[in-house]
Structures are given as C-alpha cells and as structure tokens.
Amino acid sequence: MSAPQIPNLNSLRKRGAPGRLRSRGGGVGPDASSASKDRVVQNTDNDASVSRLSAVQLGYIEDRFAQPLTPAGLETRRFPIINRGTYVRTTAIDCLVSQFVESYTEQHAKKQIISLGAGTDTRVFRLFSSTTPRSDLVYHEIDFPANTATKIKAIHSSPALQGALRNASSPGVPNDIEISDTGDALHSPRYHIHPLDLRLLSKSTPDPIPTLQDIDPALPTLLISECCLIYLPPDQADSVVHHFTTTIFPPTTPLGLIIYEPIRPDDPFGRIMVSNLATRGIHLQTLNKYASLETQRRRLQEQGFQGGQAAADIDFIWERWVSEEEKERVAGLEMLDEMEEWKLLAGHYCVAWGWRGEVFDCWGDVQEQE
Amino acid sequence: MSDLDEAIAQLRACRLIPETQVRELCYKARELLIEEGNVVSVDAPVTICGDIHGQFHDLMELFRVGGDVPDTNYLFMGDFVDRGFYSLESFLLLLCLKVRYPDRMTLIRGNHESRQITTVYGFYDECIRKYGSANVWRYCCEVFDYLALGALVLGASSELEPSVSNMESTQAMMPIDDGELETEVLNSKGEVTVSTYRRRQRSSSNTSTDSRNISPPRDISAAPGNSSQAPLRSGAPGTGASGSGSGSYGNTSRTGAVLCVHGGLSPAIESVDKIRLIDRKQEVPHEGPMCDLLWSDPDEIEGWGLSPRGAGFLFGGDIVKGFNHTNDLSLVARAHQLVMEGYKEMFDGGIVTVWSAPNYCYRCGNVAAIMELGEDTSNGGMVARNNGEYGRSNGILMGSSSVESSVVSPGRRYRVFEAAAQDTRGMPAKKPVADYFL
C-alpha cells in the first residue's frame with residue numbers, strides 16, 4: 001500500500017542535516033556566545049509584548065500602555081489560543097497582585113513590588129493609573145541593561161507612560177524622575193528601574209553582590225517572576241530567590257513570590273515545546289527541576305515561604321478563577337475552535353504563589369489546584 | 001489534462017501554480033462538486049483521513065504511508081486549510097487530485113472551509129502573502145461552498161485484508177468476527193514497527209490503542225490475541241462476537257454503512273436522508289443542521305449538550321447508538337478533534353475520531369492516523385446498498401441480539417504516523433515557529 005515514489009523525508013534528514021547546525025560557533029569566544037544567548041533571552045520580551053498588544057487590540061484585556069511599550073513594527077495579530085492564554089496569564093497575576101496591594105493592615109500601609117526580568121511589562125503603569133491610585137506602593141523592576149534602556153526610551157517618548165508615573169509621584173514635586181547618564185536606570189519616589197543581570201544576585205558569582213538602590217528591607221514585598229527565573233540555571237535561580245528571602249529581607253519582613261512559567265516537559269507536548277524553543281536558542285533551564293505543580297509548591301516551601309504555597313495551571317485558572325460571565329465575554333471576542341489544543345497549551349503553564357507574613361493571608365483563599 | 005498533471009507535479013514539490021490556473025482549477029472543481037449530493041456515496045476500499053490544516057509535508061507523509069493517488073482511494077473529512085503554513089499547497093493539491101481522479105478522491109467540508117474562520121486562522125493571510133491579493137482566497141472559498149457535507153462508505157468488509165507488509169503473518173488466518181481492528185505504527189523510515197490486531201472489544205466504551213510504547217522496532221506480526229492490552233474476549237451473548245470464529249460466515253456482506261462527517265451529529269438531523277435535504281451551497285451558517293455537522297463533538301454525556309466551541313453541540317453515546325441504528329450504520333467516522341494517539345474510538349466503537357495532522361501546529365506532539373476500510377468481496381464484489389431500509393423490522397425494536405448482529409462493524413486498519421521532518425533537502429520548508437508564552 002505504501003508509495004515508494006514519495007520520498008521519505010525522515011530518512012533524508014537522518015543522513016543529511018547534522019553538520020549544518022553544528023558548523024556554527026567555532027571561533028566564537030565563550031563571552032560572545034553567552035552574550036548572544038543572553039540576547040535571545042532578552043528578546044523573549046518582544047514575544048510577550050507583541051502577544052499582549054494583540055490581546056489588547058482584540059479586547060481581551062484593557063491596557064493602554066501596551067502600545068507604547070511594544071516595539072514599532074512588530075505588531076501582529078496572534079491566534080485566538082495565544083490571546084486567551086495571554087488573557088489568563090495577565091488576569092491571574094493581576095488578581096494575586098491586587099489582593100496583596102489591597103490587603104490592609106495598620107502596621108503595613110506601605111508596600112513594595114519587585115518584578116524580576118520585567119522587560120516591557122505594563123503592570124506598574126496600570127497600577128499607578130488605576131482608579132484607586134496606589135499611593136503607598138513602591139515598584140521596582142530589574143532586567144538586563146539592554147532591556148531597561150529600551151523601556152526608559154519608551155517612557156521618554158510616551159506621554160501616556162509619563163502621565164501614569166506623574167500620577168504616582170507626590171503632588172507638587174516636579175521633575176522627580178531621575179534617569180542615569182547611561183540611560184538604563186530610572187529612579188523616582190515610587191518607581192525604580194534597575195539595570196542588572198539577575199545572575200549577579202546569586203552567590204555563584206565571585207564579585208560582591210550589587211545592592212539595589214531604594215529597596216526598603218522593612219516593607220511587605222511581593223516578588224514577581226513572569227517567565228524569568230526559568231531562564232537561569234537551577235542553582236542560580238534558587239540562589240537569586242534566596243538572596244531576596246534572606247539577605248535583602250530579614251525573616252520578619254512579609255514576603256510573597258508569584259511565579260509564572262512553563263511546566264510538564266515530559267509529555268509529548270512538553271517535549272516538542274522544549275525542542276521548538278531550543279531551536280530558537282531558548283533554554284528553559286529550571287523546567288525539569290520544577291516540572292509540576294507539586295515541585296513548584298515544594299520549591300516555594302524550601303525557599304522559606306512558610307505562610308503557604310500554592311499552584312494552578314492556566315487551564316485550571318481559566319476554568320475556576322474566571323467567572324462564567326467573563327468567560328462568555330472572552331469567548332465571544334474570537335471563536336476559539338481548538339479546545340483540545342487549548343487544554344494542552346494551557347496545561348503547560350502554571351502560576352505558583354508562596355508567602356510569609358500575615359499581609360499575605362488574603363492569598364489563603366485563592367483557589368489552588370490539587 | 002497534461003496541464004493538470006503538470007500542476008499536480010508542481011504542487012507535490014510544494015510550489016504554487018499561477019493564479020490563472022488556480023481560477024481554472026477552482027472552476028472545474030466546482031463543476032464537479034455541484035454534481036455531488038450533500039452525502040457522497042463511496043465504495044470501499046477507501047482510506048479515510050482527518051484534519052490536514054495546511055501541514056503540507058505531513059500530507060506527503062500521509063500519501064507515503066497510505067499509498068499514492070490514484071492507487072489508493074481517499075476520503076478527506078475536511079479542515080484542509082488554516083493553522084499550518086502550507087494551506088494553499090495542501091488544498092490546491094487535493095483539489096487537483098479531485099479534478100484529475102474524481103472517483104478516487106472524496107473531499108468533504110470541514111468547519112475551517114469557511115470565509116469567516118479562514119480570516120482568523122491563517123488561510124486568508126497566506127493567500128494575500130503568497131498571491132498578493134485575495135483573489136485566490138475568494139476562488140477557494142467558492143469551492144468550499146460546494147463541498148459535500150458528508151459521505152457514506154458502502155461495502156466495507158468486516159474482514160481486514162492483510163496489509164502488504166503483513167502478508168505472511170498469521171493475522172490473515174484469523175477467524176472473522178464482529179469487525180476487526182488493526183493498528184500499524186510506522187516509524188520514521190516508514191517501516192511498520194508495531195502492529196496490533198484484535199477483534200472488536202464491545203465491552204470497552206473507549207478504545208484508543210496506544211501501542212506506540214511497545215518498544216519498536218520489533219517483529220511486526222504481533223500474534224493475534226497475545227498482546228496483553230488486547231485480550232480476546234469470548235463474546236457475550238448478543239454481541240455477535242460469541243463463539244470462536246464459527247459464526248462469522250454470512251455476516252461479512254452485512255457490514256453497515258459508515259457515515260463520514262467532519263464534526264458530528266445534529267439534534268436537527270435524525271436520518272442520513274435529512275442531510276440530503278440541506279441547501280449546502282453557502283457559507284457555513286452559525287447554527288442549524290449544516291453548522292452542527294461541521295462543528296459538533298461526541299462527549300461522555302447523555303443526550304445533547306452545549307459545545308464549548310460556541311458552535312455545534314456535544315452528543316453522547318446514546319445519540320450515536322440511536323442514530324446508527326436508525327440509519328443502519330455500523331460506524332460514524334469524523335475528524336475535528338485533536339487526538340494525541342491519532343485516532344480514538346468511543347461508544348463501543350460506534351464512532352471514531354480520525355486525526356491526520358501529526359504534531360499539530362508544529363507544537364502538540366501528537367501522532368496522526370488514517371483509517372483504511374477494506375472491500376467486501378464475499379458478495380462477488382457487489383455492494384449491498386442497504387442504507388435506509390435494510391434489516392429492520394417495522395419500527396418495532398427487536399431483541400438487542402438480532403438488531404446488533406444485523407449490522408456488522410467493518411474491519412478497520414489504522415495507520416499511525418509521525419510528522420515529516422521539517423528541514424529536509426529537496427523540500428523547501430520554512431522552519432515553523434510555534435507560539436509559546438515567553
């Protein structure tokens with residue numbers, strides 16, 4: 001029955017290709033190649049901002065800061081499945097963030113958020129321009145200097161972004177936004193952009209660990225890693241978190257961590273994901289170590305988030321966190337034909353959250369996945 | 001005709017044909033399709049395929065695994081376009097083959113063969129990108145409107161002919177029973193690595209054989225019945241599977257017809273004849289029987305349910321059983337849903353999902369399958385066109401035993417295959433980039 005005249009593509013490949021991929025890289029020094037690897041990771045931020053803009057333009061999420069923070073010319077309409085994923089990811093993290101921001105204790109009126117590998121994330125602008133201004137919130141972002149410089153340039157050229165920051169600064173204090181000569185650091189009373197390779201915060205580097213300006217070790221603090229720590233080698237990823245949980249913040253400071261990243265590398269979808277991303281030079285380095293909801297929870301526990309540890313995949317969050325009414329609204333935006341594919345894709349990303357200190361008690365009621 | 005053969009050769013090499021030729025092809029195809037009824041009759045043997053979604057290189061793999069046209073008689077259950085990067089090449093090749101070999105190629109409509117869906121899921125953009133205007137998209141959409149909504153496969157054998165590679169195995173010696181099931185898994189070299197074979201297990205409601213994990217390569221001829229996951233059953237009374245091979249003779253010519261549709265059943269359609277009454281030559285509507293045929297999904301429910309897709313319905317095993325009985329069908333074959341194992345039988349084998357796009361969207365990691373139905377030669381090659389009236393008493397339900405034995409399931413051979421390699425010489429394949437959340 002089989003047709004011999006049709007070439008067997010697979011056997012052709014077996015004999016052919018291997019040389020091609022390996023032939024590169026010779027003569028390139030280790031520094032140059034690791035710099036290019038870093039560039040690949042830095043560029044993952046473009047992916048995220050393009051997806052965000054697509055979801056915004058189609059009405060999934062409201063975010064007037066997506067446009068000015070997406071590099072010009074990259075604008076692309078994503079498939080419905082990606083738009084829905086962007087929607088769930090964004091609203092899930094928003095939900096945890098706003099519970100933290102809104103939780104009130106007399107002792108801790110002022111709070112702090114530190115976003116790791118923030119890239120072009122718009123969250124800070126959305127928080128500062130929301131109808132209930134977060135006057136007691138200080139927001140820090142850390143990323144590669146290349147990324148922070150891009151972001152600061154975008155802020156420079158966007159009245160909308162500046163406006164959001166102006167809202168956030170104390171009234172009557174003009175020009176309180178300070179930008180470094182190198183153009184990659186920004187400091188203002190409420191908002192700080194730190195140009196820093198996160199790996200320098202891990203103990204594996206020989207240099208003294210740099211300090212982060214204006215981080216207040218006494219404030220209740222929320223750490224966010226939205227597809228960030230996963231690009232670090234596992235020991236460095238752990239070490240960076242350790243630096244925050246023990247070195248920067250004393251055990252008495254309430255601390256929370258939200259992680260959003262891929263999981264489940266060991267089924268067919270996961271294996272293809274790993275290999276597809278590898279061909280783009282993207283390596284999800286902690287994926288095998290934190291491969292499941294269970295290992296994510298254990299990770300949070302081992303890193304000292306004793307108040308609680310919880311996790312849920314994106315499929316679960318869509319099903320359980322999003323109200324029926326909102327689901328109907330979102331489903332009405334675009335026809336999502338591919339239910340099976342959605343379940344597959346959404347099952348391979350998770351949100352994990354862990355905390356210490358009673359400021360975070362509000363998180364105890366958030367529904368997690370067994 | 002030579003023009004057509006040239007176009008076929010060009011498309012097989014994944015090179016597009018000029019716009020004028022597309023227009024002519026689409027015109028010819030429409031002339032041909034307009035003559036087809038809403039439900040096309042197809043004689044076995046036939047190889048039934050599910051979604052393709054523009055995965056051109058995997059379509060070539062499918063032809064390599066299933067046999068070339070016109071040597072093999074094909075029935076494609078829709079969703080030729082969208083998602084993959086080669087919707088144009090895939091659909092135009094299939095259309096050329098349809099025009100060139102009208103009796104060897106059946107194409108029915110999937111829910112993606114629609115103006116609205118193709119503007120969201122990629123085919124429209126691909127046409128603009130590759131032809132510089134929407135003309136070709138418009139020609140193709142006009143063809144979509146003429147595609148049949150379903151097909152009825154007649155004369156399928158309850159016996160499986162031994163596949164070529166299995167000629168010497170003991171399988172051909174198997175006693176014939178109530179339908180047979182054979183799965184062949186082909187490795188990347190196109191060799192059969194695993195072959196499972198069994199009689200239909202009516203006791204299991206959800207048969208999805210995953211035999212890929214049986215360490216390949218090995219001897220292809222899994223002796224019937226000694227595969228641990230496919231125990232032979234002795235046959236319960238009333239299933240027609242009782243006894244050990246003695247009761248088969250005489251049943252073979254009474255294989256019920258197989259209805260092929262892209263999605264599934266509709267609460268507005270209780271008989272196959274009702275499908276024939278639809279005015280199909282239009283864009284796929286948002287609701288109603290035509291929409292349901294292209295959008296619905298079977299589910300582990302009773303009766304009908306709302307579909308999470310926003311179109312069509314969910315339908316349960318009781319619906320399938322009733323529909324098959326009413327229409328003397330032995331099986332509903334459909335596509336529409338990604339199945340990681342390539343195919344999935346549900347409801348005591350009353351319905352099967354066939355999925356033919358391996359590693360769907362270059363991302364899902366699934367294998368694909370095609371389903372071969374053999375020709376029933378026990379009647380001297382005559383096909384009993386028994387749709388409608390055959391083998392039923394006047395509306396009075398007979399005892400289940402006689403009802404079930406009057407319609408015998410066809411033997412089914414699933415050929416499971418993997419995605420074609422993407423970076424092969426001689427095949428200009430753009431490295432596909434699948435989207436992830438980064």
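Over which residues of chain A does pLDDT stay under 50, and how many contacts beyond four places in sequence does the model have for them? The stretch is residues 7-30 of chain A, with 26 such contacts. Two residues are in contact if their C-beta atoms, placed from the backbone, lie within 7 Å.

## Model and confidence

This is a predicted model: local features need pLDDT of at least 70, side-chain atom pairs count only at pLDDT 80 or more, and totals for chains, interfaces and linings use all residues. Residues are numbered from 1 along each chain as its sequence is written, while chains are lettered from A and ligands numbered from 1 in the order in which they are written.

The model scores ipTM 0.80 and pTM 0.81. pLDDT is the predictor's confidence in each residue, from 0 to 100. Chain A has a mean pLDDT of 87, and 87% of its residues reach 70 or more. Residues 1-5 of chain A fall below 50. Chain B averages 79, with 71% of the residues scoring at least 70. Residues 165-178 of chain B are below 50, with 37 contacts beyond near neighbours in sequence. Residues 381-405 of chain B are also below 50, with 31 such contacts. Where pLDDT is low, the predicted coordinates should not be read in detail.

## A helix with a buried face

Helices (H or I, at least four residues) and strands (E, at least two) are DSSP runs, numbered from the N terminus. Helix α6 of chain B spans residues 123-131. Its buried residues (20 or more other C-beta atoms within 10 Å of their own, with C-beta atoms placed from the backbone) are F123(B), Y124(B), E126(B) and C127(B). They fall within an arc of 160° seen down the axis of α6(B), so they line one face of the helix. The arc is that of the directions from the helix axis to the C-beta atoms.

These buried residues pack against α4 (87-100), α5 (115-121) and α7 (135-144) of chain B. After α6(B) comes G132(B), with a positive phi near 80°.

## A three-stranded sheet

In chain B, three strands form an open, mixed sheet in the order β10-β12-β11. Strands pair if DSSP finds at least two bridges between them. β10 (297-298) and β11 (304-306) of chain B each have a single partner strand, so one side of each is left without a neighbour in the sheet. β10(B) pairs with β12 (residues 313-315) of chain B in the parallel sense, over two bridges. D297(B) has L314(B) in β12(B) as its bridge partner.

Terms used: Buried ≥ 20, exposed ≤ 12 C-beta atoms within 10 Å, placed from the backbone.
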